[in-house]
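User: I'd like a close look at one part of this model, with the surroundings worked through contact by contact.

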Amino acid sequence: MSDQPKIYPVPEEFAAKANLSPEKYKEMYEASIADPEAFWGEQGKRLDWIKPYTTVKDVSWETGDLHIRWYADGELNVTANCIDRHLATRGDKTAFIWIGDDPDECHKVSYKELHAAVCRFANVLKKLGVKKGDRVTIYMPMILEAAYAMLACARIGAVHSVVFGGFSPEALAGRITDCDSGVLITADEGVRGGRKVPLKVNADKAADLSNGTLKTMLVVKRTGADINMVEGRDHWLHEAAEDVSSDCPPEPMNAEDPLFILYTSGSTGKPKGVMHTTGGYLVWASMTHEYVFDLKEDDVYWCSADVGWVTGHSYIVYGPLANGTTTVMFEGIPTYPDASRFWQECDKHGVSIFYTAPTAIRSLMREGEDPVNATSRKSIRLLGTVGEPINPEAWEWYFHVVGDARCPIVDTWWQTETGATMMVPLPGTTDLKPGAASHPFFGIKPVLVDADGTELPGATEGNLLITDSWPGQMRTVYGDHQRFVDTYFTAYPGNYFTGDGCRRDEDGFYWITGRVDDVINVSGHRMGTAEVESALVSHDAVAEAAVVGYPHDIKGQGIYAYVTLVQGVEPDEALRKNLVQHVRAEIGPIASPDLIQFSPGLPKTRSGKIMRRILRKIAENEFANLGDTSTLAEPEVVDDLIENRQNKG
Ligand code: ATP
Ligand code: MG
């Protein structure tokens with residue numbers, strides 16, 4: 001088996017100033033599990049309530065009567081908490097630093113300015129007839145108006161559904177009709193990596209495809225491109241905002257009124273319209289943001305996600321603003337104009353906390369260390385990752401090359417469904433093990449079970465369940481409560497089933513091994529995809545790898561590996577053999593790939609996750625039935641994969 005993973009103690013300089021200590025974590029965690037009512041009753045006070053709650057938790061996970069309610073009789077407004085309450089003490093503090101795709105473009109917005117912008121935007125929505133409870137779709141590039149739009153909805157009690165700006169007209173239309181959204185907010189064009197994205201053109205097509213659902217479009221001018229405006233349906237934001245007031249009182253909302261709907265990435269199937277509500281979600285987003293990022297008042301915090309997925313909701317907009325943080329919003333991509341971009345911007349703005357995805361780290365690793373070493377990065381004190389298990393190779397690179405071994409890495413495991421972070425090595429509280437999501441956040445009790453639901457004690461591996469509710473848990477699949485019940489609460493009654501596999505090591509650290517659906521069974525040995533992929537990526541020639549099972553006459557399932565090589569390495573038979581040897585040495589003969597396909601790219605979701613279900617279909621020779629591919633970032637890569645499939649037959 002592979003060597004014991006490395007263990008890094010908390011860097012001393014960091015530990016000296018950390019908000020939490022191992023003892024404090026233990027004490028708070030135990031309190032949160034022993035008496036959730038008391039713990040969450042207290043945590044709810046981090047928000048300003050218009051009408052204080054008198055009940056805390058009202059939850060049943062019984063499939064016949066499934067309901068999840070937190071602070072259910074309280075009233076509040078999310079934007080009053082994210083903006084208004086900071087005005088007295090932080091009015092001139094920078095709320096957003098917006099960094100354009102073009103390195104020369106940058107803009108700062110204070111909390112005061114944010115207040116005015118959001119109020120004006122909210123008044124425009126009112127003028128267009130948007131009412132409390134209406135669903136508003138937001139299809140935007142990463143410009144400030146995307147955040148203003150979300151907050152403007154929250155201000156007046158409309159429910160936003162943000163659709164990533166890279167999605168096709170079909171994917172957009174599907175989401176518009178699924179939640180019956182009559183209003184779309186978009187821009188003329190987006191700009192990413194020096195290229196224009198035709199958002200309005202796509203939006204027009206989506207409107208046609210929505211069978212009359214879409215009645216109103218509000219358009220933000222980003223590039224000034226010549227676009228088609230439909231009389232009576234389409235409105236320019238800057239025109240509509242000309243005569244509106246910069247004051248708009250926050251709508252009092254019940255804690256359980258919906259705040260947003262967000263469709264999952266679609267890695268495993270048709271995206272689910274995950275619905276989050278107002279009070280519990282904001283308590284959870286704000287609390288996790290504070291503790292996960294060891295937050296200090298003067299931090300400059302940068303989460304490089306897109307607002308089109310949940311990380312952007314909880315950790316660019318709602319969590320940071322609820323905490324009065326200076327939060328960065330980045331329009332571009334990590335490799336434009338070159339692979340130094342992230343670190344140059346960190347130097348320029350004094351970024352102290354940087355949070356990104358393993359896929360971004362791997363893409364930068366491919367370019368070598370020089371682009372990183374050309375920058376200082378002295379302001380950074382904490383690094384984070386989210387989205388997929390981070391393979392130890394990428395972790396080590398992030399830790400040593402980017403963070404100069406000074407900065408802890410918070411590997412945050414969570415899901416659109418969970419609202420915010422569920423497991424994480426909280427900074428200052430634990431040693432770091434590269435690739436481990438490590439320990440549960442406050443209030444979260446993870447359990448590992450076998451396929452029959454029998455709890456597995458001690459060091460073990462199994463399906464990951466959560467045994468009790470937390471305030472930021474999704475409340476339903478929009479318009480399909482039964483799908484909510486079936487997907488998460490039916491396989492293991494009384495528990496929330498995450499769909500992820502997980503290992504607990506002898507020190508009690510948790511390691512996400514990948515999705516349960518992706519587990520490979522070779523000659524009776526169950527293997528998570530993450531482990532085999534990590535072994536492949538630890539080879540010098542490999543940039544990225546994805547592993548799936550395929551039917552194998554003798555073993556039941558064989559291991560099919562898709563491998564992307566680092567820049568400049570040519571694939572050949574010798575390398576193929578070498579990689580097989582390498583995996584044998586790292587994990588053992590049982591994990592040897594049977595087939596290796598070299599591929600220039602892998603199919604990924606728009607949020608950068610590898611879509612193994614498509615790779616599985618290709619490996620199984622079932623190209624005709626690839627399932628929902630609407631969330632693929634680059635559908636072209638699939639053709640190449642099919643063409644160069646190994647062992648054709
Ligand atoms: P769908 O549910 O539509 O298939 P998805 O699961 O990719 O899509 P998300 O909610 O964006 O949609 O992703 C959550 C999943 O991402 C988790 O269930 C887990 O598999 C993976 N994940 C996220 N963060 C981590 C992490 N730090 N370590 C390991 N896995 C992670
Ligand atoms: Mg999922």
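Leaving out residues up to four places away in sequence, which residues does D505 touch?

Analyst: D505 touches K433, A459 and W511, with residues up to four places away in sequence not counted (a contact being heavy atoms within 4.5 Å). Before going on, some housekeeping: this is a predicted model, where local features need pLDDT of at least 70 and side-chain atom pairs count only at pLDDT 80 or more, while totals for chains, interfaces and linings use all residues. Residues are numbered from 1 along each chain as its sequence is written, chains are lettered from A and ligands numbered from 1 in the order written, and side-chain values use heavy atoms, leaving out hydrogens and water.

Back to D505. It sits in the loop between strand 24 (496-504) and strand 25 (helices, H or I of at least four residues, and strands, E of at least two, are DSSP runs numbered from the N terminus). D505 is buried at 4% relative accessible area (under 20% is buried, over 50% exposed, partly exposed in between, with a 1.4 Å probe and protein chains only). One of its contacts is polar: the side chains of D505 and K433 are joined at 2.7 Å (that is, a pair of N or O atoms within 3.5 Å; within protein, one must be able to donate a hydrogen and the other to accept it, and residues adjacent in sequence count only if both atoms are side-chain atoms). The D505 side chain also reaches the backbone nitrogen of D507 at 2.9 Å.

Strand 25 (510-515) leads on to the ligand: strand 25 and strand 20 (409-412) each supply at least two residues of the shell around ligand 1. That shell has 20 residues, the closest being T264, S267, T268, T416 and K609 (near means a heavy atom within 4 Å). By class it splits into four nonpolar, nine polar and seven charged residues (Ala, Val, Leu, Ile, Met, Phe, Trp, Tyr, Cys and Pro are nonpolar, Asp, Glu, Lys and Arg charged, the others, Gly among them, polar). A ligand oxygen is 2.9 Å from a side-chain N or O atom of Q415, and a polar side-chain atom of T416 lies 2.6 Å from an oxygen of ligand 1. Taken alone, ligand 1 exposes 630 Å², and the protein buries 96% of that (Shrake-Rupley, 1.4 Å probe; for residues, only the protein chains shown count as cover).

K609, one of those closest residues, is in the loop between strand 30 (595-598) and helix 20 (612-619). An unreviewed UniProt entry lists K609 under "modified residue: N6-acetyllysine" (positions follow the numbering used here, feature names are shortened, and annotations may be inferred rather than shown by experiment). K609 is buried at 12% relative accessible area. Its side chain reaches the backbone oxygen of G387 at 3.0 Å, and beyond four places in sequence K609 touches residues including S265, W309, E388 and R515.

The unreviewed entry also gives V537, H539 and V542 as "binding site". V537 is in helix 18 (residues 529-537) and V542 in strand 28 (residues 542-552). Both are buried, V537 at 4% and V542 at 5% relative accessibility. V537 and V542 are in contact; other partners of V537 include N391 and E393, while V542 also meets V563 and L579, among others.
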